[in-house]
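Here is a short briefing for a reader meeting this structure for the first time. Please keep the sequence and the 3D view at hand.

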Amino acid sequence: MRILHVLLICCLIGFAASPMVWAEGGTEFPGTVLTVDQATGKFAVKKESGGTRFTFTANEKTKYQGNVTSLKDLKKDDKVVVVYEVHGPQYLALRITKLP
């Protein structure tokens with residue numbers, strides 16, 4: 001149990017030190033799409049500058065902008081900005097914006 005607490009603290013420190021932008025109603029994460037799994041609603045995005053990679057979950061409440069209407073429109077190497085919230089172990093995508 002103590003190891004779990006130490007890991008949680010390390011994760012929180014790393015999260016607080018990361019250069020992400022806090023957006024209204026969530027946190028902004030700009031980057032490049034690595035993978036998209038339409039069956040599970042999950043997609044991975046890697047930040048350009050720091051190499052940070054998050055796997056996000058999209059659901060029926062996720063909003064789409066920038067010539068994208070659903071996960072099926074996202075492809076590997078697309079530039080995106082994901083606004084998300086953390087819900088337990090999931091990074092829930094609130095809004096996905098595909099950049100030109």
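Is Thr-57 buried or exposed? Thr-57 is buried, because its relative accessible area is 10%, and buried means under 20% relative accessible area, exposed over 50%, partly exposed in between, with a 1.4 Å probe and protein chains only. This is a predicted model, in which local features need pLDDT of at least 70, side-chain atom pairs count only at pLDDT 80 or more, and totals for chains, interfaces and linings use all residues. Residues are numbered from 1 along each chain as its sequence is written, and side-chain values use heavy atoms, with hydrogens and water left out.

**Overall make-up**

- The chain holds one helix and seven strands. Helices (H or I, at least four residues) and strands (E, at least two) are DSSP runs, numbered from the N terminus.
- Read from the N terminus, the order of elements is α-β-β-β-β-β-β-β.
- The chain has 100 residues, and 31% of them count as buried.
- Take the contacts between residues at least 6 apart in sequence: 52% of them join residues at least 24 apart. Contact means heavy atoms within 4.5 Å.

**Confidence**

- The mean pLDDT of the chain is 84, and 76% of the residues reach 70 or more. pLDDT is the predictor's confidence in each residue, from 0 to 100.
- Confidence is lowest in helix α1 (residues 2-17), with a mean of 47, and highest in β3, at 98.
- Residues 4-8 have pLDDT below 50, and this stretch has zero contacts in the model beyond near neighbours in sequence.
- Residues 10-22 also stay under 50 in pLDDT. For them the model has 13 contacts beyond four places in sequence.

**Strand pairing around β7**

- Strand β7 covers residues 90-98, and strand β4 (residues 53-57) runs parallel to it, joined by two bridges. Two strands pair if DSSP finds at least two bridges between them.
- Strand β5 (residues 63-65) also pairs with β7 in the parallel sense, over three bridges. Here Gln-65 stands opposite Thr-97.
- Strand β6 (residues 79-87) runs antiparallel to β7, with eight bridges between them. Val-80 stands opposite Lys-98 in β7.
- Two residues lie between the strands in the hairpin of β6 and β7, where Gly-88 takes a positive phi near 65°.

**Thr-57 in its setting**

- Thr-57 sits in strand β4. Its bridge partner in β7 is Leu-92.
- Leaving aside neighbours within four places in sequence, Thr-57 is in contact with Gly-41, Lys-42, Gln-90, Tyr-91, Leu-92 and Ala-93.

**Nonpolar core**

- The largest nonpolar core has 15 residues. Such a core is a set of buried Ala, Val, Leu, Ile, Met, Phe, Trp, Tyr and Cys residues joined through side-chain atoms within 4.5 Å.
- β2 (26-37), β3 (42-46), β4, β6 and β7 each give two or more residues to this core. The largest share, three residues, comes from β6.
- Residues with the most contacts inside the core include Phe-43, Phe-56 and Ile-96.
- In soluble globular proteins, nonpolar side chains tend to be buried together.

**Aromatic pairs**

- The whole structure contains nine aromatic pairs. Rings of Phe, Tyr and Trp (its six-membered ring) pair if their centres lie within 6.5 Å; planes under 30 degrees apart count as stacked, over 60 as edge-to-face and the rest as tilted.
- Phe-54 and Phe-56 pair edge-to-face, at 6.0 Å centre to centre with 70° between the planes.
- Phe-54 is buried at a relative accessible area of 11%, and Phe-56 is buried at 0%.
- Phe-56 and Tyr-91 also pair edge-to-face, at 6.4 Å centre to centre with 80° between the planes. This pair links distant parts of the chain, with Phe-56 in strand β4 and Tyr-91 in strand β7, 35 residues apart.
- Tyr-91 counts as partly exposed, because its relative accessibility is 25%.
- Ring pairs link Phe-29, Phe-43, Phe-54, Phe-56, Tyr-84 and Tyr-91 into a cluster.
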